[in-house]
Every structure is written in structure tokens, then in C-alpha cells.
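Hi there,

Here is the structure I promised to pass on. Have a look first, and my notes follow below.

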Amino acid sequence: MQRIKNKLSTRLMNVCVASLCKAKQLEKAEGVIVDGIKIGLQPDVVTYNTLIAAYCRFVGIDAGYSIIHRMKYAGINPDIITYNSLIAGAARYCLLSKCLDLFDEMLEMSILPDIWSYNTLMNCFFKLGKPDQGYRVFQDILLRDISVHSATFNILINGLCMNGYTENALMLFRSLKRHGFIPQVVTYNILIHGLCESGRGKVARGFLNELVESGHIPNAITCTTVVKYCFRYRYFEEGFKIFAEMRSKGYTYDAFAYCTVASLLLKIGRITEANEYLGYIITSGFSLDIVSFNTIFNLYCKEGQLNNAYQLLYEAEKGGLESDKYTHAILIDGLCRTGNLQEAQQQLNRMSETGFDSNLVAWNSFINGLCKAGHLDYATQIFESMDVKDSVTYSLLTLP
């Protein structure tokens, strides 16, 4: 036992704590610390900072802040990382007053803010629609002669774009380049997104070309942003052209990009092309999340393409994707829309058997289908048998 103790260290304990926190196993992380103390391992500032970051992210700022009291009781002083984690936690929920209080508290403890402290505060101002205050934070960074990180410029450019100052963001970008700033893909993505949001698609396309000419490779976010802009403003063919062009050049797309294109193809009735893209997603080993899957699945069902919907479901589940309650609700709604009420009833029964019996959306869809088919007595019977109802459930039986 003594030999094992000798091989253990606070550093090893911190690795375990960090791994558990990353997996959202906060109780187990706390248990590791307790066990460590029992065998003589003392937590250090890294241990507590790891806990603070995890509690702020997964529980809340108050839970994170409470760790400071434990630190002080253990005789460990908070450092800049401690307060940066707390400020980031407050900014995540746009708690500006809390961010400012933490800033003041940090200064009172003679802990000087670093560039990440200012970056987080600046981003919080921009997110809350306070661009003037956000820009003043940037000026404060320059006045204090703090070394600026590329993320600082990205936050500033993004903040200007999100608050409607796209032209100012463009001028800042050009000025920074003249002074030696080398923008990366993320900077171009921010500007392209801002330009698309402000309806300046041609300028955004120009930036896409500039990105390529500068030697950078557009990523999935870059291409998807421009394609979505084209679709939003009904430049369908241009969107398809850009997508195909980027794809032919070997630029990376993710499953979301293919789903975006496939969704539109389904909406405008180009079923064969949509199926080709969806087939490519599945056969190419893309990691299709449940939200993207349900989006496409819903479109198939709404268009009455139930065979394609079932095939998509089969392929996705074969690839390891697990259906959720929305998947079941979408399918039941699709079956009801096409008049397959008996099959919808069977799907409801299967849903209950797999633990989704409380799926109110699905039951509402079934009642709606019964009412539209004229089976009011059976719809009423189902209604009365339901333990949980909402306003939609009640309205279904009262609509003319």
C-alpha cells in the first residue's frame, strides 16, 4: 500500500479530476479529491481551478464561486486562472454585473487581469448589444500595453458585425492587415458570416475568394455560411453551384452542410438529388447528430416520402444513431398525414415499449390525425386515457 502511495501525486490527482470534470462527473471528481486527502495528497490551485471551471460550465456561476471559499479555507489563494474561469462562467450567461464585480474583486486582491480577462469582458459587452463599452475595453487593452492575442481581434470584429457595424468591421480588418495582422480562417469566417447576415452576399463571396488566394483552406463553416445565405435569399442555383465547386476542389464539408443542401432539395422537390447527398452522408461515415437527422427525417415525412424516411432511419440506426422522442413524433405525424392511422397506432405502441410513452407531441399528432380522418369517438377515447395533456391536446378536440 505504501508503495502505491509513493507513486501517487497531486499532479496525477489533478489529471483524474480534470478527466472526470470533462465527462461531467463532478461528484466523482469531488470523491477523488476526498480520497486523495485521506492518503495525504493535498489539492493545489490547479485542482480548485479545474473544479471552478467545471462547476461554472455545467452547474452555474454560484456553484463555481463557492469553490473560492474552500480554497481560502485550505490556505490556497485564487489566481488569474481562477478569476478568468469565473468571469467566463458569468459571461456565458451574460451576467454583466457579475463579470464587473469579479473584475473589481480580482483587482482588490492585486491580481492583474490578462488578455483573456479583457477578451471575455469585451465579448460579454458585445453579446449584450453594448458595442461602445466593448470597444472601450479594447482601448483599455491598448492603453495598458497588454500583448494582444489574435482572438482579441476576432472578438472585436465579431462584436462589430453582430451589432450591425459590418462596415466598421471591414475597415478594422483592412487596417489590421496593413499593420501586419495575418488573419486565419476563423477571422474570414466571422466576416463572411457578418456580411451574409447583413445581406451583402457578393462581398462575402469576394472574401471567400480572398481566403483561398491567401493560401487558407475554407472549412465546413465557411462554405456552409455562404451556401445558406444563397438559399435564404432564394439564389438556389448559385448556392448549389458554390457547394459543388467547393466540393470538387476537395474542401471539407460536414454532415450539417450536406443536410442543409439536402433539406432545400427536398423542399423544392428534387428528391433524387437529395437522396444522393443523404446517401453520401451515411456511406461516407459522417457523424450525423440527431438534430440534423430529425431535420431531414421530418422533411421526408412532410413530403409523404415515407419509404425514403424508413430507409434513412434504417441506415442511421445501422450506423449507431439512436432515435429520440422527436424522431418517433415525426414518424407518427408523417403516418397520420398520409392516412396510415393503423401503422401510426402500432408505432405509438412500439414507442411506449421503448420507454417513450410520455411523448406528448406524438400523442397529439395521433389525435390530430384521427380527428382529420373523422374518427372523433376514438380520438376522444385516446384523449381521456392520457395522463398528461397540454393546451394543444385540448384544442385538437375543440377545433371545428
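Let me begin with Asp-140, which is partly exposed at 24% relative accessibility. Please keep in mind that this is a predicted model. The side chain of Asp-140 meets that of Arg-144 in a salt bridge, with N to O at 3.2 Å. Arg-144 itself is exposed, its relative accessible area being 52%.

Arg-174 pairs with Glu-210, and their closest N and O atoms are 3.0 Å apart. Arg-174 sits in helix 11 (residues 166-178) and Glu-210 in helix 13 (residues 201-213), so this pair ties together parts 36 residues apart in sequence. Arg-174 is partly exposed, with a relative accessible area of 32%, whereas Glu-210 is buried at 16%.

Arg-205 and Glu-245 form a salt bridge through their side chains (3.5 Å, N to O). Here Arg-205 belongs to helix 13 and Glu-245 to helix 15 (residues 236-248), which puts the partners 40 residues apart. Glu-245 is partly exposed, at 23% relative accessible area. There is a network as well: Arg-174, Lys-177 and Glu-210 are joined by salt bridges that share partners.

Now to the cysteines. Searching the whole structure turns up zero disulfides. For Cys-259, the nearest cysteine sulfur is that of Cys-301, 15 Å away. The cut-off for a disulfide is a pair of sulfur atoms within 2.5 Å. Cys-336 is in no disulfide either, and its nearest cysteine sulfur, from Cys-371, is 10 Å away. Both cysteines are buried: Cys-259 has 5% relative accessibility and Cys-336 has 11%.

Cys-371 brings us to helix 22, where it is one of the buried residues. How many of the 13 residues of helix 22 are buried? The number is 10, so the helix is mostly covered. Among them are Leu-360, Trp-363, Phe-366, Ile-367 and Leu-370.

Last, the surface. Leu-8, Leu-12, Val-15 and Ile-39 make a nonpolar patch of about 280 Å². Val-15 is part of helix 2 (residues 10-22) and is partly exposed, with a relative accessible area of 47%.

Best wishes

How values were computed
Residues are numbered from 1 along each chain as its sequence is written. This is a predicted model: local features need pLDDT of at least 70, side-chain atom pairs count only at pLDDT 80 or more; totals for chains, interfaces and linings use all residues. Side-chain values use heavy atoms; hydrogens and water are left out. Patches are made of residues with over 30% relative accessible area and no salt bridge: like charges are joined within 9 Å, nonpolar side chains (Val, Leu, Ile, Met, Phe, Trp, Tyr) within 5 Å. Accessible areas come from the Shrake-Rupley method with a 1.4 Å probe; for residues, only the protein chains shown count as cover. A salt bridge is a side-chain nitrogen of Lys or Arg within 4 Å of a carboxyl oxygen of Asp or Glu. Helices (H or I, at least four residues) and strands (E, at least two) are DSSP runs, numbered from the N terminus. Buried means under 20% relative accessible area, exposed over 50%, partly exposed in between (1.4 Å probe, protein chains only).
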